Amino acid sequence: MERLSSLWLDTPMHSTVCFCFFTFALILALLSFSLYSLRSLQAPLCKCDVCASYLSSSWSSEFGNLCDWYAHLLRNSPTGTIHVHVLRNTITANPGNVEHILRTRFDNYPKGKPFNAILGDLLGRGIFNTDGESWQFQRKMASLELGSVSVRAYAFDIVRGEIETRLVPLLTSRMDRGVVDLQDVFRRFSFDSICKFSFGLDPGCLQLSLPMSSFALAFDLASRLSAERAAHVSHVVWKAKRLLNVGSERRLRDAVKLVNALAEEVIRQRRRLGSFATRNDLLSRFMGTVDDEVYLRDVVISFLLAGRDTVASALTGFFWLLSRNPEVERLIREESDLVMDGSTGDVLASYEQMQRMHYLHAAVHEGMRLFPPVQFDSKFASADDVLPDGTVVGGGTRVTYHPYAMGRMERIWGPDCLKFRPERWLQDGVFRPESLYKYPVFQAGPRACLGREMAVVEMKSVALALVRRFDIRVVGPTRQARFSPGLTATMSGGLPVIVRERGCLIKAAAVGC
């Protein structure tokens, strides 16, 4: 048999068959790309000012970030809606439109197949990249677990433990010892916390002497490269690179392979431990119902994206703003001293105490108004539609609502919309929430964020602990925040800060510090 196989491999017939097969595959691939190009190149022929500026990147001569250029365009639009024809993208900062997209015509604005393709390699069939029954199942499972009092208490204990045993000691050890990248610290903190909560494991990233874990670095790279796919005028570009396995698509494939491998190993370890019903981590709870390993992997990675990157991003923006607004910091301290009976030695508040800190709650929400962790979110219209402001949307069009721009709209937040002013959220000293369609930081409608309360509690816990214990000041130019590409807002160059013991800045003038 081996001799016959060898003879077959050496015959001209074998070479001819192989040549024909690969030639046919190449022709089929080229034909598919050509047909796709003919359809997708219709939009790039547009030569309006907006499209010309996008294609040439001339907007960057005036604006440091693409999101700031979009905010500028949306502010100057009579309807708060613009069109970027080369991307087949309708972008809106109109609360009426946002409600229409996220609630009124929810069924007409799914994530859609184009979005599924862009993030499919990283997120697979996870909750943030799927529609229909798969989304409904994950949503139901997550709501049952995240709404549980015991699960919320478990999450709060994890966060409190990370703050007390790692975050505060780490920053204490770095006082007066040079610059610390606070964004990096927050990413490590949130990664450790979400891994404990979601996986039941401790990666130990919150040690600056250790490099970030390969899993975290691979996840960062995969997130950034996936987001860059959406910036291409035509999907043909990245799909061709993926087919040929070159450039950014090759790096994305390698990063996703590592993310998947480590997530799968975590699942295997959990299966060996068994007793899913007695464990509190989110993965164990899902594994009690789901047997599909790939599906579980996608679920875990999606929750990692939600719990790790968004919290770190929100905290980074908050402390950037706090450094520029010391009066807000002072009022947070005064409120916490009052609620905690003037116990300045304690930096950690109980859940019940934080519930009484309305100014802190307002400050965290105000921070996310100006620096939302997810600056924009896109859907794809299933059928033709007309938005409340009169904008006509064709079926298959990408429709994007833009929380970052909405936080900078005078018509929504008033003439002081660019100011960091927590008082706008208070009425007679009590926190007053705004409409989620005016403030869609946590989405709204059927897809509203299930982990909203847990995320806000985590942010408040960290912010309060650091404000009560340290004086943290951003170093270097702080005129405008610059962002790197990614699925969540990441400050380019990190957030370099000087950490000092609380009160040291005040004492410095008298005794030196």
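# Briefing on buried charges, cores and ring pairs

Glu-162 is buried, with a relative accessible area of 0%, where buried means under 20% relative accessible area, exposed over 50% and partly exposed in between (1.4 Å probe, protein chains only). The model is predicted, so local features need pLDDT of at least 70 and side-chain atom pairs count only at pLDDT 80 or more, while totals for chains, interfaces and linings use all residues. Residues are numbered from 1 along each chain as its sequence is written, and side-chain values use heavy atoms, with hydrogens and water left out.

**Surroundings of Glu-162**

- Glu-162 sits in helix α8, helices (H or I, at least four residues) and strands (E, at least two) being DSSP runs numbered from the N terminus.
- Not counting residues up to four places away in sequence, Glu-162 touches Leu-167, Phe-189, Asp-192, Ser-193, Lys-196 and Leu-206, a contact being heavy atoms within 4.5 Å.

**Salt bridges**

- The structure holds 33 salt bridges, each defined as a side-chain nitrogen of Lys or Arg within 4 Å of a carboxyl oxygen of Asp or Glu.
- Glu-329 forms a salt bridge with Arg-473, the closest N and O atoms being 2.8 Å apart, and the pair links helix α15 (residues 326-339) with strand β10 (residues 470-474), 144 residues apart.
- Within this pair Glu-329 is buried, with a relative accessible area of 4%, whereas Arg-473 is partly exposed at 22%.
- Glu-366, Arg-369, Asp-416, Arg-421 and Arg-424 are linked in a network of salt bridges.

**Nonpolar cores**

- The largest nonpolar core has 101 residues, and those with the most contacts inside it are Phe-319 and Ile-332; such a core is a set of buried Ala, Val, Leu, Ile, Met, Phe, Trp, Tyr and Cys residues joined through side-chain atoms within 4.5 Å.
- Helix α20 (residues 452-469) gives the most to this core, with 10 residues.
- A second, separate core of 47 residues includes Leu-122, Ala-155, Ile-158 and Phe-215.
- Leaving aside neighbours within four places in sequence, Ile-332 is in contact with residues including Phe-318, Tyr-359 and Leu-464.

**Aromatic pairs**

- The count comes to 16 aromatic pairs, for which rings of Phe, Tyr and Trp (its six-membered ring) must have centres within 6.5 Å, with planes under 30 degrees apart counted as stacked, over 60 as edge-to-face and the rest as tilted.
- The rings of Tyr-154 and Phe-197 have centres 6.1 Å apart and planes at 40°, so this pair is tilted.
- Tyr-154 lies in helix α8 (residues 149-173) and Phe-197 in helix α9 (residues 182-198), so the pair ties together parts that are 43 residues apart in sequence.
- Trp-425 and Phe-431 form a stacked pair, with 5.7 Å from centre to centre and 5° between the planes, and both residues are buried.
- Phe-186, Phe-318, Phe-319 and Phe-420 form one aromatic cluster.

**Positive phi values**

- Most residues other than glycine have a negative phi.
- Arg-88, which is not a glycine, has a positive phi of about 50° and is found in the loop between β1 (81-84) and β2 (89-92).
- Asp-428 has a positive phi near 55°, lies in the loop between β8 (426-427) and β9 (430-431), and is exposed, with a relative accessible area of 79%.
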